Amino acid sequence: MSNSAKPIARKEGLVIQELNDEVLVYDLETNKAHCLNESAATVWKNCDGAQTISEIAKQFIEKSGSKVNEDFVWLAIDQLNELNLLEQELKPNFQGQSRREVLRKIGLASIIALPIVSMLAFPNSSLAATCGTSVCGEVPACQNANPVLPYCCAGTCVASAGACAVPACNP
Amino acid sequence: MLVLVQFQHAILNKFQNYSYNLILKTIKMCRDLKLSLDSYGIKVGLKINRAFFYENSDKIIPPFVKIEEYKEEKDLLTLSIGNHPQKGSLYFKDELILTIKEFNDEALEAIRDKIHFAIARVSSPDKYHFHAGAVAYKGVGIILPAMSFSGKTFLSKEYISRGATYYSDDCAIVDNKNYLYPSQNPLAIRLPDSSRVYRTADELNSTNGIEKVKIKIILFTKYSNEGKWDPRTISQAQSIFELCRNFYVQSFLAINPEETFHFLRNFTNDLEMFQSERNEASEVVEWTFRYIDKMLNS
């Protein structure tokens, strides 16, 4: 995909909270929370369907005074893609380099923070699990032998063992 | 006629051979009890088998909850015991929230936690519950959100042993003006074999919080063998994101994400926010006390 691509930030099904220069996003469809650092937030906010990757990179240079190139923007796009925060998927264009190589180059050359999008996934339940006892009250994902642990908070049901492979929840 | 009377007499005798307690127990099991659970003014109804309640109330009712006469609460928890006495279901407003296959200690703890959740759910947006330790020092509230097994209780215990006032080691109750309320639950101290002992602040020669206190500091920390205490300030967004790891916050987000984000934003607006791994709890406590002394003197 070329640098003339015009990414569009997804808004549907998201609860968005802008805080200073960072952004918090809660995805109603997947029950995931995301934290976009300043760099990632700047890219995402400029994904308005009108600006190309190159133009977004220019926005960065104007705003931060730091010289960034399209690879920097593609790093953010790559993560936003993966986390379903763009309207349409865009394949990153790292000019034949691996993501690791790009990270290393940008990290050394740039004085501004690399774009980072952190993600938290949690159970889809209005009354979440009690992780101290690893008991879940939601629709069962696993039936097992434990009298009070009929379900799995997370992980998979190992039917032969009659228990959840990952019994600990994420309190 | 004589045969009939003798027959009736034989039946009556057989009936009278059952113990009084067994009959009473049977009658009791058929009777449900309705109560109101009051947590700082938030009320939830509880419909529960009378005998079960009398036997287990100390295990299933959270410590910060007062039990009162039922007054037609609109939010009702119902604990149904099935045909088999060892099975049951817990409902909250007609929603099944827990299935019980055996009423053992783990099940009773799970019931208590679900009752707590129901209260927490009804409490918002006036009050929120965080899975967190909470203490106060010189009138400054400190909240320590963390996952299970991260050392919350140990750290809370260290704080109060060095002069902080105890508010909670597990569930911090805060309102939308950043006040922290005393939860009155004892510290659940884990032993090396993973069992727990419960000690009140008084038993640990420490002070229990009585009045609400304003929270000024939020500290995200967890114990690690190789942990090095090096607290760094984190942004408001990072702080809210860390709070999203908290399972109470997750349940509030699932119910009403806009309101929850709004609450978290207001909650973290005026807080000093820090994050670091730790090893020795004493280091954390000493740093906190120095920070607060500096804050109060400036």
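In the predicted model, helix 5 (residues 152-161) of chain B packs against helix 9 (residues 281-297) of chain B at an angle of about 50°, and their axes lie 9 Å apart. Helices (H or I, at least four residues) and strands (E, at least two) are DSSP runs numbered from the N terminus; axes are lines fitted to C-alpha atoms, for helices over the stretch in contact, and angles run from 0 to 180 degrees between N-to-C directions. Helix 5 of chain B and helix 9 of chain B are therefore oblique to each other (under 35 degrees counts as roughly parallel, over 145 as roughly antiparallel, 65 to 115 as roughly perpendicular, the rest as oblique). In the contact (heavy atoms within 4.5 Å), Phe154(B), Leu155(B), Glu158(B) and Tyr159(B) of helix 5 meet residues of helix 9 including Val284(B), Val285(B) and Phe289(B).

Chain A holds an open sheet of four strands in the order 1-2-3-4, with antiparallel pairing; two strands pair if DSSP finds at least two bridges between them. Strand 1 (14-19) and strand 4 (117-121) of chain A are the edge strands, each pairing on one side only. Strand 3 (residues 32-36) of chain A is joined to strand 4 of chain A by five bridges, and Cys35(A) stands opposite Ser118(A) in strand 4. Helix 1 (residues 38-45) of chain A packs on the sheet and touches strand 1, strand 2 (22-27), strand 3 and strand 4 of chain A.

Residues are numbered from 1 along each chain as its sequence is written, and chains are lettered from A and ligands numbered from 1 in the order in which they are written. Local features need pLDDT of at least 70, side-chain atom pairs count only at pLDDT 80 or more, totals for chains, interfaces and linings use all residues, and side-chain values use heavy atoms, with hydrogens and water left out.
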